[in-house]
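User: I have a model open and a few things to ask about it. Can we go through it together?
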Number of protein chains: 2
Amino acid sequence: MTESLKVGVAGLGTVGAALIAQIVRERAMLAERCGRGIEVVAVCARARNKDRGVDLRKMKWFDDPIALAMAPGIDVFVELMGGAGNPAKAAVEAALASGKAVVTANKALLAKHGVRLAALAEKHKVALNFEAAVAGAIPIVRTVREEFAGNTIERIYGILNGTCNYILTRMEQEGLAFDECLKDAQRLGYAEADPSFDIEGHDTAQKLAILSSLAFGTKVDESAIYVEGISSIQPADIAAADELGYRVKLLGVAVRTAKGVEQRVHPTMVRKDSAIAQVMGVTNAVTIDPRGINPITLIGPGAGGMATAASVLSDVADVARGMRLPPFGRPVARLNGTSKAPMQRHEGGYYIRLLARDKPGTAAAIATRLAEQEISLESIVQRHPKGASEAETKSGAVPVILITYATTEDAVRKALAAVGRDRVISGRPQVIRIEKN
Amino acid sequence: MTESLKVGVAGLGTVGAALIAQIVRERAMLAERCGRGIEVVAVCARARNKDRGVDLRKMKWFDDPIALAMAPGIDVFVELMGGAGNPAKAAVEAALASGKAVVTANKALLAKHGVRLAALAEKHKVALNFEAAVAGAIPIVRTVREEFAGNTIERIYGILNGTCNYILTRMEQEGLAFDECLKDAQRLGYAEADPSFDIEGHDTAQKLAILSSLAFGTKVDESAIYVEGISSIQPADIAAADELGYRVKLLGVAVRTAKGVEQRVHPTMVRKDSAIAQVMGVTNAVTIDPRGINPITLIGPGAGGMATAASVLSDVADVARGMRLPPFGRPVARLNGTSKAPMQRHEGGYYIRLLARDKPGTAAAIATRLAEQEISLESIVQRHPKGASEAETKSGAVPVILITYATTEDAVRKALAAVGRDRVISGRPQVIRIEKN
């Protein structure tokens, strides 16, 4: 049997501790499955004297992650510190430059510096693996890299943020308001004290940037993504969606179009009978639409110490077996630049909720403005929906829900601007894009 | 760039033709993703002059698959002939013995001879890949081999046969009888003229045998599996399941128990809110329960030329990249024997449907017999369920549906035997196991 693989772990939070415990507990199976042993020989964290529930006495301690990354006798550097900047970035660079494989769960680092790091890994002929950076324990990175090696992907989309899905699930199942669900999520540890990174869609965008690159061979680039969060979603939208056969999910979507790859993160109406609509609570899911084949959906835990550690460990195991694939599926020189697809060009169906003033001719005025933009309607609901706010009920205004057939964002925005000028509605129209399954 | 990988394909049905077309169409992407080209240089099939929609003129033709398997200049032998016997078996053996990698979609061959073939591959240090043999385009083989390298699997179960799931879906959604749905499945090409291999659970069992081996390190052994098909399922069962919050699915289940790995294929009640319960029609799905982590579910097309070809091609791509893992995840010497787990020992909840004679004391008599076996009831429904047959309605007998808490198969069988001796029911009781999610 080959000599065992020597691992250095930087960052000993819940994931790092779970990883070390897992490597000890599953020692025998790992050796069987990888053809060699795996052992953690060195670690690094901020506080040395902290009980993490794992025995670190046989491991060399480093105060400086960069020193660990370059230490002789380490084959793989596992980066679990997080953050797009230093020390994570410098440590990963140092490890790659020293010819060590790197395994990381750091989506922010990859979304920002992924291309440069992949080039460095390529130059030094070492692996850069990051299964845990997207959708926790769901094996989506290896599925795209390996299962779709010879199969063009038309679209990839997913529920990539457990916090948002938890909030939307509670809103739907209990008819609660956004703020209330967010508070519960914070209390349960599903949301940060400053929740904006999650609820405004940025966490999803970082993960989508990585998925897009893997699926379409674009250079990973978070800034090319249109991002819209879920804080504007109201119980009335969720109730109306329910009546019309939809659920509201925050999706990250990357789709091949005639004009290039469109990448976007926004609240989305998905049909209730789709696999992705069934995904509730903090669970994550990713659907791949390959050319000529029905979709493939992967569902599982998107976060948590053990779930993340499992994916990290699978990446370490790949290194132990000598597997080394291009980090983003293709050589860096073959990755294409991508530009932010202007959302005005987006084509699809739309959900529109308006508060129409209750006077004769209002419906006709709205319909006329939509028709001027050649927007066809799949359905129009004027009856009072469940979940309307008290203010809405008292205002005397009538909620109108429109579902359009495929049109463009530009047409919808122009039509709604004209409706606004007509002064037949109160407040701002709510617009939610529909994603076909 | 390394020299291109030379592929020989034996079997030119829908999968073989789709594979060849795919390799031509995706030539550029394959080269980028694999670091070398992939080309089909030789083929073999029964009829030479048949239009398969692909250009075979540049490929060498073989009438004999064994000659193709041993031909110099071939790096990978792709076996798409099917069948557990010759010529598939002899050809795969010849290819492995000649030091060629083998990719096959042949579940029957692997279920019967998997251990011997894996040993041969190991001896000659070549890959034996079979992603397409289980659940078509769903990347379940690589997920278990790679993502779960260091993560103990407690249970793996799935909908592995599209024909059965199509029939059960139609029965549920349209309230139709089994025979009628089977006829439709045959008419639509989802079921064979002799459907028994599918509907009696044997197809599912072959796939489960492979999954069990990958997940638990047992020697693949179809004969160790308890198998029961779906032909006894009646609309009354599906209607009762629906009322009680369940769906009926044919599952293949392999679970780690204190007494070893229990492998079984049978109609199963699954909770409607589980991911697997959402899987409708010919779609397949597999759920993995890892130790300490929430389940991971993979959903996708389980059959079809292009879907199967995609998985075959992903296996060929792995060979092109020089990846070689032990076929069943561990060296053959480490695979453990498995014995057929006696179903009497099976523990779980049960659905029982009886036709009770409508006379005083019947319910008490039934309850007493269950209590004697220490079986506790989660629910008991005596009202007339939807979907009862006309015969049932006319007989004056009252359908009684029982849902038990976890008990043993032995206890259930003994209790029902006693109920039978009491002469308080007519006909045979229907018993369906409940699988927890």
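User: Which residue is the bridge partner of B:Gly8 in strand 4 of chain B?
Analyst: B:Phe77 is the partner of B:Gly8. Keep in mind that this is a predicted model.
User: How many bridges hold strand 1 and strand 4 of chain B, and in which sense do they pair?
Analyst: Four bridges, in the parallel sense, between strand 1 (residues 5-10) and strand 4 (residues 76-79) of chain B.
User: What is the order of the strands in that open sheet of chain B?
Analyst: The order is 3-2-1-4-5-6, six strands with parallel pairing. Strand 3 (60-62) and strand 6 (128-129) of chain B each have a single partner strand, so one side of each has no neighbour in the sheet.
User: Which strands does helix 12 of chain B touch?
Analyst: Helix 12 of chain B packs on the sheet and touches strands 1, 2, 4, 5 and 6 of chain B. Its direction makes about 165 degrees with that of strand 5 of chain B.
User: Last one: what separates the centres of domain 1 and domain 3 of chain A?
Analyst: 51 Å, taken over C-alpha atoms. The assignment puts domain 1 of chain A at 5-137 + 307-327 and domain 3 at 343-435.

Methods: Residues are numbered from 1 along each chain as its sequence is written. Chains are lettered from A and ligands numbered from 1 in the order in which they are written. This is a predicted model: local features need pLDDT of at least 70, side-chain atom pairs count only at pLDDT 80 or more; totals for chains, interfaces and linings use all residues. Domain bounds come from an automatic or database domain assignment. Two strands pair if DSSP finds at least two bridges between them. Helices (H or I, at least four residues) and strands (E, at least two) are DSSP runs, numbered from the N terminus. Two residues are in contact if their C-beta atoms, placed from the backbone, lie within 7 Å. Axes are lines fitted to C-alpha atoms, for helices over the stretch in contact, and angles run from 0 to 180 degrees between N-to-C directions.
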